[in-house]
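Please study the sequence and the model shown below before reading on. The briefing is arranged by topic.

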Amino acid sequence: MKLKSLSLLSAAGILMTYTINVHAQCDVKYTINNSWGNGATLSVDITNFGTPKTTWELAWNFSNAEKISQLWNGAYTQTGQAVRVKHAGWNNLINTNQSVNFGFNISYPSGTTLVKPVEFYLDGVKCAGKTAS
């Protein structure tokens with residue numbers, strides 16, 4: 001767990017210092033299970049390290065011209081390279097230190113290198129990976 005101090009000036013002019021925990025809220029494992037030159041099957045595991053979530057949405061950007069053609073265990077929207085995947089209803093809950101999984105197929109132009117995304121956002125907060133406790 002990382003600690004960070006934050007100092008704030010109150011309305012009464014009193015300087016107050018707070019110590020807050022700064023740690024990863026989530027981790028994303030993005031796995032290319034199979035690739036065949038113009039398409040691939042992938043899986044994503046989201047682990048929640050924050051407070052329990054009763055709904056979730058994961059967002060990322062593809063690096064190239066990848067296009068989702070099928071997704072399971074979630075519902076997706078894609079606009080250009082921007083992707084958002086929401087829970088499927090039955091898998092909406094992610095308790096602290098638990099994971100959910102979804103998978104999908106993509107197509108992409110032949111000759112394009114398939115690159116894993118580097119940034120993921122769970123409910124608008126960047127997933128920074130697991131930190132040591």
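The following points treat the strands, the salt bridges and the backbone angles in turn.

This is a predicted model, in which local features need pLDDT of at least 70, side-chain atom pairs count only at pLDDT 80 or more, and totals for chains, interfaces and linings use all residues. Residues are numbered from 1 along each chain as its sequence is written, and side-chain values use heavy atoms, with hydrogens and water left out.

- Strands are DSSP runs of E with at least two residues, numbered from the N terminus.
- Strands of a sheet pair through backbone hydrogen bonds, either parallel or antiparallel.
- In this model, four strands make up an open sheet in the order S3-S4-S9-S6, and their pairing is antiparallel.
- Strand S3 (26-35) and S6 stand at the edges with a single partner strand each, so one side of each has no neighbour in the sheet.
- From one strand to the next, the twist averages 25°; axes are lines fitted to C-alpha atoms, and angles run from 0 to 180 degrees between N-to-C directions.
- Nine bridges join S3 and S4 in the antiparallel sense; two strands count as paired if DSSP finds at least two bridges between them.
- Tyr30 has Val44 in S4 as its bridge partner.

**Strand S8 and its partners**

- S5 and S8 run antiparallel and are joined by five bridges, and Ala59 stands opposite Arg84 in S8.
- S7 and S8 also pair in the antiparallel sense, over five bridges, and Tyr76 stands opposite Val85 in S8.
- The hairpin formed by S7 and S8 has two residues between the strands, and Gly80 in the turn has a positive phi of about 60°.
- The covered face of S8 holds Val83 and Val85, whereas Ala82, Arg84 and Lys86 belong to the uncovered face.

**Salt bridges**

- How many salt bridges does a search of the whole structure find? The search finds three, a salt bridge being a side-chain nitrogen of Lys or Arg within 4 Å of a carboxyl oxygen of Asp or Glu.
- Glu57 forms a salt bridge with Arg84, and the closest N and O atoms are 2.9 Å apart. Glu57 lies in strand S5 and Arg84 in strand S8 (residues 82-86), so this pair ties together parts that are 27 residues apart in sequence.
- Arg84 is partly exposed, with a relative accessible area of 43%; buried means under 20% relative accessible area, exposed over 50%, and partly exposed in between (1.4 Å probe, protein chains only).
- Asp123 forms a salt bridge with Lys53, with the closest N and O atoms 3.2 Å apart. The pair links distant parts of the chain, 70 residues apart, with Lys53 in the loop between strand S4 (39-48) and strand S5 (57-61).
- Lys53 counts as buried because its relative accessibility is 19%, whereas Asp123, at 37%, counts as partly exposed.
- Glu119 forms a salt bridge with Lys126, the closest N and O atoms lying 3.1 Å apart. Glu119 is partly exposed at 35% relative accessible area, and Lys126 is partly exposed at 42%.

- Asn73 is not a glycine, yet its phi is positive, near 70°. Asn73 lies in the loop between strand S6 (67-72) and strand S7 (75-79), and counts as partly exposed because its relative accessibility is 26%.
- Asp123 likewise is not a glycine and has a positive phi, of about 55°. Asp123 is placed in the loop between strand S10 (121-122) and strand S11 (125-126).
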